Amino acid sequence: MRDVGPRDGLQVEKPLSVADRARLVHALVAAGLRHIEVGSFVSPRAMPAMAGAADLFEALGRIDGVTLVALVPNDRGAIDAVAAGADELSATLSASEGYSRRNVRMSIAESLVALEAIGETARTADTPLDAVISCCFGSPYEGEIAPDEVARLVTAARERGADRVTLADTTGMATPRRIDEVLDAVGTDVGLHLHETRGTALLCAYAGLQRGVTRFDASVGGLGGSPFAEGAAGNLATEDLVSVLDDLGVDTGIDLGMLLHASALLRDLVGHQLPSALSTAGPRIPATNGPGGLR
Ligand code: ZN
């Protein structure tokens with residue numbers, strides 16, 4: 001499980017202080033998250049909520065056993081993220097030409113060139129790089145994206161230095177059928193980054209799990225979505241997925257009660273209700289004592 005809440009979730013909210021963002025990360029670590037995307041090295045003018053990413057990494061320092069990830073839009077961002085002490089870099093490209101041009105103002109081919117430069121920096125710094133490919137399961141601009149085209153991009157990303165690849169459903173168009181078709185083309189050694197836009201994220205995570213996928217992005221509270229994709233709000237909520245995985249007997253190492261505490265902290269920080277079902281309904285079977293109890 002990689003929690004992307006401090007980045008993907010908070011980037012669309014009104015800016016929080018570095019100290020409050022660090023509190024959220026620490027709450028996630030306390031809940032057992034070992035892989036957290038904490039910030040983005042983008043221009044603070046483009047994304048005010050992500051300002052101070054270097055300060056945030058400095059405030060957090062290295063946390064034993066925890067991988068703190070920085071999203072980087074280009075080589076400049078990668079150099080800054082490495083200097084700030086990021087444990088892992090994450091870079092995005094898109095399977096949709098239309099989304100790519102609107103989101104990052106680059107063609108797919110241009111973003112592969114940018115990825116190659118990021119890959120070089122990551123390799124030099126001995127820092128793992130994850131390439132996140134957006135719109136793998138459909139695009140509001142081109143409709144269905146051919147699974148073979150997604151497979152071609154997965155290969156291209158690996159050739160340019162990506163140690164891992166994550167398939168993202170940026171605009172919430174994934175269905176279990178699409179998950180099957182895309183995994184048939186790319187294999188299951190990928191991460192899945194799913195959105196609840198059309199209520200299919202948990203369904204698609206389950207479909208991926210059944211196929212043997214073992215890496216999932218999720219966002220505490222279900223916060224987030226792309227500021228560039230109309231109606232793309234609602235990442236898969238970490239607590240909603242953990243609840244189902246617990247029930248299936250999948251050991252995530254995450255304490256659901258503590259995770260709900262992190263979710264409640266996030267709700268207080270952003271000042272509004274969160275989309276996650278569990279943050280409203282509470283755990284299916286409340287713990288009788290300890291922090292996992294029904295609040
Ligand atoms: Zn997302």
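Ser94 has a relative accessibility of 3%, so it counts as buried (buried means under 20% relative accessible area, exposed over 50% and partly exposed in between, with a 1.4 Å probe and protein chains only). Before we go on, please keep in mind that this is a predicted model, in which local features need pLDDT of at least 70 and side-chain atom pairs count only at pLDDT 80 or more, while totals for chains, interfaces and linings use all residues. Residues are numbered from 1 along each chain as its sequence is written, and side-chain values use heavy atoms, with hydrogens and water left out.

Back to Ser94, which sits in strand S4, residues 88-94 (strands are DSSP runs of E with at least two residues, helices are runs of H or I with at least four, and both are numbered from the N terminus). Leaving out residues up to four places away in sequence, Ser94 touches Tyr99, Ser100, Ile108, Ile133, Ser134, Cys135 and Leu153, where a contact means heavy atoms within 4.5 Å. Ile285 lies 191 residues from Ser94 along the chain, and 40 Å separates their C-alpha atoms.

One of those partners, Cys135, deserves a stop of its own. Cys135 belongs to the loop between S5 and helix H7 (147-159), and with a relative accessible area of 0% it is buried. Its phi is positive, at about 60°, although Cys135 is not a glycine. Most residues other than glycine have a negative phi. Asp126 is another non-glycine residue with a positive phi, near 55°. Asp126 is found in the loop between helix H6 (108-124) and strand S5 (129-134), and its relative accessible area of 69% makes it exposed.

Now turn to strand S1, residues 2-3, where you will find Arg2. Is Arg2 buried or exposed? At 3% relative accessibility, Arg2 counts as buried. Apart from neighbours within four places in sequence, its contacts include His35, Glu37, Glu88, Asp130, Thr166 and Asp217. Val69, Ser90, Val132, Phe216 and Ala218 are also among the residues that Arg2 contacts. Arg284 is 282 residues from Arg2 in sequence, with 23 Å between the two C-alpha atoms.

The structure holds 1 aromatic pair (rings of Phe, Tyr and Trp, the last by its six-membered ring, pair if their centres lie within 6.5 Å; planes under 30 degrees apart are stacked, over 60 edge-to-face, and the rest tilted). The partners are Phe41 and Phe57, with ring centres 5.8 Å apart and planes at 35°, so the pair is tilted. Phe41 lies in the loop between strand S2 (35-40) and helix H3 (53-60), while Phe57 is in helix H3, 16 residues apart, and the pair thus links distant parts of the chain. Both Phe41 and Phe57 are buried.

Finally, let us step back to the whole protein. Its secondary structure comes to 12 helices and 8 strands, and its C-alpha atoms fill a box of roughly 55 × 40 × 30 Å along the principal axes. Of the 295 residues, 56% count as buried. Among contacts with a separation of 6 or more, 71% are between residues 24 or more positions apart.
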